[in-house]
Amino acid sequence: MQNKGAILSFAILLAAICFYQLTFTWKAKQVEKDAVEYAQGNPDKEYFYLDSISGEVVYNFLGLKKFTFKDVKALEMNLGLDLKGGMNVTLEVSVVDIIRAMSNYSTDSTFNAALARAKQLQKNSQSDFVTLFGQAFEEIDPNAKLASVFNTLELRDRINFNTTNAEVLKVIETETDAAIDNSFNIIRTRIDRFGVAQPNIQKLQTKGRILVELPGVKDQNRVRDLLQGTAKLEFWETYENQEVYQYLLLANQKIKEMQTLAEEDSKAAAPEAAETKAKETEAVDTTGTESSLLSELEAGTETDSTKSLDNLADFKKEYPLFALLNPSTDQSGKLFPGPVVGMAHFKDTSAINTYLNLEQVKSIFPRNMSFRWTAKATDATGNYYRLIALKITTRDGRAPLDGDVITDARQDFDQFGSSPEVTRYMNSEGDKIWSRMTKENIGKSIAIVLDGYVRSFPTVQGEITGGRSSITGLESIEEAKDLANILKSGKMPAPAHIIQEAIVGPSLGKEAINRGFFSFLIAFILVLVYMLVFYSKDAGLVANIALIANMFFIIGILASLGAVLTLPGIAGIVLTIGMSVDANVLIYERVQEERMAGKGIRLAIIDGYNNAYSAIIDGQVTTLLTGIVLYIFGSGPIKGFATTLIIGILTSMFSAIFLTRIIFEWRLKKTEKILFTSSRTENWLRNTKIKFLEKRKIFYIISGTFIVLSIGSFFVRGLNYGIDFKGGRTYVVRFDEEVKVGDVQNALAIVFGEAPEVKTYGESNQVKITTEYKIEDTSQNIDNETESLLMKGLQDANFIDKSVTLQQFTDDYQMSSQKVGPTISDDIRKDSAIAIFFSLIIIFLYILVRFRNWQYGLGAVAALAHDSLIVVGIFSLLYGFLPFSLEIDQAFIAAILTVVGYSINDTVVVFDRIREYLHLYPKRDVIENTDNALNSTLRRTFSTSLSTFIVLLAIFLFGGTTIRGFTFALLIGVVVGTYSSLFIATPIAFDTQKRIAKVIVKRKK
């Protein structure tokens, strides 16, 4: 063996690097174990212990270099969220809002129509939003000029009225890129100050999207607020309640007149038209008023002003606005002082906003009057919010003072030391404006508005100078710290909305670790035993040594690269075990053939390795290409699976080809009695004479039947799409006792307005709930609202005790959750289709280059399409009948691509042997050569498929509910892929060659 010294040196160096990198994981676990022992079950004590030693030296590597605990944690093996719990969020910075801000919120009709059109185009396009906006603007009005919209004060140095649309779009693109970069940096700063160990923050391929992974976080509501808050801080002067009440009375009268007119029109119109008109004009009818002020009136809490009315319907008709908005008065009807003009239930705030924004109603109020809701509820249950009247004092309608003047902010306490607040400091310009505002509003309130909601509205007692002020009304120290963090990090250029979210509870993560590693251990032991039994203790032991070295290399390289190990990643490693066996099997079968040809053991090993190289490289490279496609188009856990698969293929080739060769050469120096098969398996599938091509039409009929059944099932039953493809939210909830799926579904239908999909998920006390409730709503609090409704529905039906708080619910009952917005689900569908398409094209081109015969490529791709159709068809036929999830999601696409990689590996080995036989025996008939080649690969096909199947079966049985559907697809794929490589790919290649040959003969005649 040439270059043996270099290979051995490389192996030792690689092992040393892996060992060095893994020592950090060992040391980190050692320190964390000490923390657990110190804390005695108290999580606060454990956190304090680890935090206190963060900067202390805990590891001195061979006396050469010292590492603090913080350094050790940064270098340890990263576990994915599905293994340790935490939160995975995909944010999308709103490019629409950036463009609106650049135009100074222009009211130009063409501009706004183009924005709306671009948002529609984005759903079915891979182009960035700025490009789509430019196209839409051109379509709506080819003669319109963007320069007229964007010739603002801020952009005047780059855009004038002669600037072309293309040049303006270039400026917009530059500005949006800068805003997105700024948003990314602000989010990174916020996360760094949040105090999460090993956060992962990165830009995604799609412009404007940011991935944030936060291991171990428990308070997801706090994280959502932290990530989505724009930190748009504004200071507004306010109107007094006495000044506004008269306008509210006029507004109520106008709304009453509009509704009366609508009723008269509806009586004269057709019933269908009347129903449509009523829905369009009566905003109150479009909102649920359960638990609103009206429902309280139903309970008997009428005010004096309503007792004279015959019933609540008359009150609603007479006072449509005040039926929802309770005026700020005492029991005698006297108006309260201050800027609060009313109070409403949160379910009624949307209808009130609709009323106040009607053009006929809006014209009643002064042009410099605006309204904002408070951020915090007035009651302990969190139902009622106050409406504040703001006074606009600037020409451009903006706040006279905003967060840009903030130089510093910190969490503090009020003068009594009991309530948390945020103290903020302003620059000289801010100090000057703040002094003027406070001087001119003594005895009045100034509203402090953050992200569109009033945080507080303190009454000014006197002029405030020095640029120092406070934000009060905060509920907790954590809220105050987060607000100070946000203000200090800076204002986001535009809102960032959560479009995809996955949360795994710590208990579920711990279960995943235990099950994942248990399945890994079982699979590993089974393969080691299989190799010893099938290939004797000599060759089998060498293969097992290479396999153990391969596992060590994979884990070490993952740690060195800082890659994240996920549960699908463990599945990728375990699958690599099965596939790495294939290289050893190919070599051992070749060595046995050389021995049967009469060669000595030394020469047989040399020729066996040499003859196996081609099949090993072709088979592994095609699988590697599939892994690369998965890595490029996958995300999250799927990318983790692809990473381990790619690393595993490379290390398994090195271990199987080079390490085993070195071991055999070392053994040959001591003895030449090396067995490559055991007496029990020596003649297994040896010298078979199956007529594959003669019986190919039978297999065409069998495959055709399965394909027809699959296609028929697609039309009749369809597919069970997961939220990755259709959008929505899923929650895995674990109860204390067994529950019935139908009862849970009925309970949640009441709060969500429609019945969600509920399935048993693993044990009978655990369910998976899928809902599309307000999935298109991008408001900041919608995720918290959905979780609150979920908990309320379960509490009302007595599945969960009513004393349980939302934080307790998410900690103890909600094992995991996932959210996929409609935009990203469209992208996932597109990326999945592109991934499968590119995989097939790349494989076809590789086989075309390697075999220089397009018929082989066609046969291979046909077999892969055959495998994919049957696997998808089985998922379509069986979903709902099996006790585990058969959803079509990203994990399923990863499984399909893995099946493609495995199947092509099998097929290429067969093609390689056919090519060899055609070269060795050119005078033999093509059919005879092909059948002989297929028969000669049966032992290898059986060994590889059986070992891979055993590995996957171990994952399927012991790996847990999360990846059971994923491994089920792989199990089917191994069986179908083995079948197609023997009975589909080769016959199709043969028939195609035969048909082409006939055409050529006819042309010659």
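What follows is a quick chat about the protein shown above.

Q: What kind of model is this, and how are residues numbered?
A: This is a predicted model: local features need pLDDT of at least 70, side-chain atom pairs count only at pLDDT 80 or more, and totals for chains, interfaces and linings use all residues. Residues are numbered from 1 along each chain as its sequence is written, and side-chain values use heavy atoms, with hydrogens and water left out.

Q: How many helices and strands does the protein have?
A: It has 34 helices and 23 strands. These are DSSP runs, numbered from the N terminus: helices are H or I with at least four residues, strands are E with at least two.

Q: What share of the residues is buried?
A: Of the 1005 residues, 51% count as buried. Buried means under 20% relative accessible area, exposed means over 50%, and partly exposed is in between (1.4 Å probe, protein chains only).

Q: Contacts next. What share comes from residues 24 or more positions apart?
A: Among contacts with a separation of 6 or more, such residues account for 74%. Contact means heavy atoms within 4.5 Å.

Q: Now the open sheet. What's the strand order?
A: Eight strands run β5-β6-β4-β18-β23-β20-β22-β21, with antiparallel pairing. Two strands pair if DSSP finds at least two bridges between them.

Q: Which strands stand at the edges?
A: β5 (200–203) and β21 (757–760) do. Each has a single partner strand, so one side of each is left without a neighbour in the sheet.

Q: And the twist, what does it average?
A: It averages 15° from one strand to the next. Axes are lines fitted to C-alpha atoms, for helices over the stretch in contact, and angles run from 0 to 180 degrees between N-to-C directions.

Q: How many bridges link β4 and β6?
A: Seven, in the antiparallel sense, between β4 (residues 86–93) and β6 (residues 209–215). For L91, the bridge partner in β6 is I210.

Q: New topic. How many salt bridges are there?
A: A search of the whole structure finds 32. Each is a side-chain nitrogen of Lys or Arg within 4 Å of a carboxyl oxygen of Asp or Glu.

Q: How about K819 and D783: buried or exposed?
A: Both are buried. Their side chains meet in a salt bridge (3.3 Å, N to O). K819 lies in strand β23 (residues 814–820) and D783 in helix α26 (residues 782–796), so the pair ties together parts that are 36 residues apart in sequence.

Q: Which residue pairs with R398?
A: D396, with the closest N and O atoms 4.0 Å apart. R398 is partly exposed at 38% relative accessible area, and D396 is exposed at 54%.

Q: Last stop, S981. Where is it?
A: S981 lies in helix α33 (residues 964–983). It counts as buried, at 0% relative accessibility.

Q: What does the S981 side chain meet in a polar contact?
A: The side chain of D906, at 3.4 Å. A polar contact is a pair of N or O atoms within 3.5 Å; within protein, one must be able to donate a hydrogen and the other to accept it, and residues adjacent in sequence count only if both atoms are side-chain atoms.
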